[in-house]
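Trainee: Hey, could you walk me through this one? I'd like to start with what counts as a contact.

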Amino acid sequence: DSEEDRYLKDEYYALTALKQAFSNPPFAANWSGKQCSVNSSSWSGLQCINNRVVSVSLSGLGLSGLIGDPLILANLTELTLLSLKNNSIYGTMMNFSYNQKLTIIDLSLNSFTGPISTSLTTLNVLQSLHLNRNQFNGSIPPLNQSTLKSFDVSFNSLSGEIPSTVTLRSFGPRAYFGNPDLCGVPTFKTCVISEEKHNKIKEFLLKPSLISILIILDIILLLVQAYSLYVFYKKSHNKDQRQKINDNPKTTTATTSTTTNTSSYIDMMMHVDRQMKVTLMNGSEGESLDLKELLQSPAEGLGKGNFGSCYKTMMDSGRPLVVKRLRNLRPLSHEEFNKHMQSLSVLQHPNLHPILGYHFSNEEKLLISAFATNGNLFNRLHGGRGGNRRTFQWNTRLEVAKGVAKAMAYLHKMTTNENNNLNDTNFIIPHGNLKASNVLLDDNDTPLLTDYALTPLFPPSLAANFMLAYKSPEQLRWRKVSNKSDVWSYGCLLVELITGKFPKYSSPEGGNGVDLGNWIHKAVREEWTNEVFDMEISGKRKTDKGMYMLLQIALRCCERSPEKRPEMEEVVEEVVAIKPCMAEEDEDEDEVEAESTSTSN
Ligand SMILES: Nc1ncnc2c1ncn2[C@@H]1O[C@H](COP(=O)(O)OP(=O)(O)OP(=O)(O)O)[C@@H](O)[C@H]1O
């Protein structure tokens, strides 16, 4: 299936599920066949643009039924308008986290119950929200999008103080009418605890009822649990293995963030406790991965990415592993996840960091891999510049450039090779997320690519926004990952490697990050080529010829037009042909000699 076919299928299933939620919808027969034909739709109430559903308008059709799955619309990622107004639909409100393009939502005049979904606060282009005349209860989430101009939650059972955001305060009291327990501006009711409520609370606390006893017992139980977790955590921290982590000086260079994120680790342990299963990847049969041991071992947070967080953990054997806790996945069945993971296990290359195993349960999706001892390329390149820095020599950088190019070419070969044994039609191999923090370095600074080919696991809109740190011009426009957008990313990585400049997406404050792919053309055009090289590789001696050659390759990879960019295979040939700098090797030998003379003296 092409990516477009996948979108079509996903959207078709979402709409079919919606149809099935209603008993005898008048459009039952009409909603059959393909939902979109380019910019039109034969399905009543639907509008399409470029074969994607952009509007679902089903108001006043006498629809009745329960919407049970809050993510029922998650696959309609291009949806801008949703109106189910004036029907008899019940159930709780949908989760709109994946419908980031919604501008108009109208669920008014139905029988929805439960709280207003907090996912609405994430919709940055929302202009109109009508939820009036339902039975929504609980408090109003702190909506504060400046785009929101029309808002109505009147005649529900909402309660508590209206959050004091600029947006919510901008609507008159009419928007909030008919919610007797709602208070604060702009309603005319001030939020004070009434005498009656006050007495009720007093009564509740003083006169033990079954409910109050249960609540108090619950609180005690929670405290006991928290205490035993604390004791357990302390204990495991004191283990010898913990000492090993602390004693290993490389640990600090390996992490993006040295802060320990223990609370979420404990949180994770509680989640997976019930289904202790790690599935081993093909090729990892010799491994033994016991999730229980893995999660009970001492851990430290390595950092938080766009799709989850990584933890380093030390097994009893002394082997360090990394657990990546995935977040924001698209709704996936266990089978789909398995299928994708198993197809990834076919990929084996000395410069690809393998996933050793994974865990899938409703609550958690974890990927497990070996810990790369020298951390990631981003830290190696930019870390410790103020002092305490391990020099990153030109020859080592060149080796990194070669390794990454080989791994990328391998991934691309697997995408296009017709005889490959990846018969999973959903399989997409372009790396899709190449950036310096996704290039890990082992003991010898050998580069190991990680986070490859994960794009299909995430909702397309999210993947488009978060992946591809070095976004190519066409990727910015079409929001699609391709082999050629990977080539652009590789070019940007080369520029970062040669110049030591921060890319725009991850520049620290005051770090002068630039859009590397475009900047390098400007730099060469304006003839400051000699000044672009990182002082660490060009300062001491004359700039090596190889550096110019690598710069030329970077320029070709960063051609604005994808057709003009080389294939990764050609890139490998050219990068591999660059010879290391002999002068630097001599310098290294001199340094080693000087060191050994000074120690023998
Ligand atoms: N196997 C590993 N060995 C050593 N460090 C790792 C390993 N896996 C991940 N890391 C590091 O952990 C940190 C968090 O990784 P994570 O993949 O969650 O985020 P990211 O790479 O910054 O962003 P993204 O989610 O877009 O990939 C990064 O600094 C990454 O380099």
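This is a predicted model: local features need pLDDT of at least 70, side-chain atom pairs count only at pLDDT 80 or more; totals for chains, interfaces and linings use all residues.

Trainee: Is Phe 337 buried, exposed or partly exposed, and why?

Mentor: Partly exposed, because Phe 337 has 17 C-beta neighbours inside 10 Å. A residue needs 20 or more to be buried, and 12 or fewer to be exposed.

Trainee: How far is Phe 337 from Leu 457, C-alpha to C-alpha?

Mentor: The two C-alpha atoms are 7.7 Å apart, while along the chain the residues are separated by 120 places.

Trainee: Let's zoom out. How many helices and strands does the protein chain have?

Mentor: There are 20 helices and 20 strands. The chain has 601 residues, and 35% of them are buried.

Trainee: And what share of the contacts between residues at least 6 apart in sequence join residues at least 24 apart?

Mentor: That comes to 55% in the protein chain.

Trainee: How many residues are in the largest nonpolar core?

Mentor: It has 71 residues, and Val 404, Tyr 490, Leu 494 and Ala 554 have the most contacts inside it. Helix α11, residues 394–416, gives this core its largest share, eleven residues. There's also a second, separate core of 42 residues, which includes Cys 48, Val 56, Leu 63 and Leu 123.

Trainee: What does Tyr 490 touch, beyond its neighbours within four places in sequence?

Mentor: Tyr 490 is in contact with Val 404, Ala 405, Met 408, Leu 434, Cys 557 and Val 571. Two of those names come back in a helix pair: Cys 557 is in α18 and Val 571 is in α19.

Trainee: Nice, how do α18 and α19 pack?

Mentor: Helix α18 covers residues 545–557 and helix α19 covers 568–576; they pack at an angle of about 170 degrees, with axes 10 Å apart. That angle makes α18 roughly antiparallel to α19, since anything over 145 degrees counts that way. The crossing of α18 past α19 is left-handed.

Trainee: Which residues meet there?

Mentor: From α18 you have Leu 550, Ile 553 and Cys 557, and they meet Val 571, Glu 574 and Val 575 of α19. By type, that contact has five nonpolar residues, no polar ones and one charged.

Definitions and conventions:
Residues are numbered from 1 along each chain as its sequence is written. Axes are lines fitted to C-alpha atoms, for helices over the stretch in contact, and angles run from 0 to 180 degrees between N-to-C directions. Helices (H or I, at least four residues) and strands (E, at least two) are DSSP runs, numbered from the N terminus. Angles under 35 degrees count as roughly parallel, over 145 as roughly antiparallel, 65 to 115 as roughly perpendicular and the rest as oblique. A crossing is left-handed if the near helix is turned anticlockwise from the far one by less than a right angle, and right-handed if clockwise. Two residues are in contact if their C-beta atoms, placed from the backbone, lie within 7 Å. Ala, Val, Leu, Ile, Met, Phe, Trp, Tyr, Cys and Pro count as nonpolar, Asp, Glu, Lys and Arg as charged, and the others, Gly among them, as polar. A nonpolar core is a set of buried Ala, Val, Leu, Ile, Met, Phe, Trp, Tyr and Cys residues joined through C-beta atoms within 7 Å.
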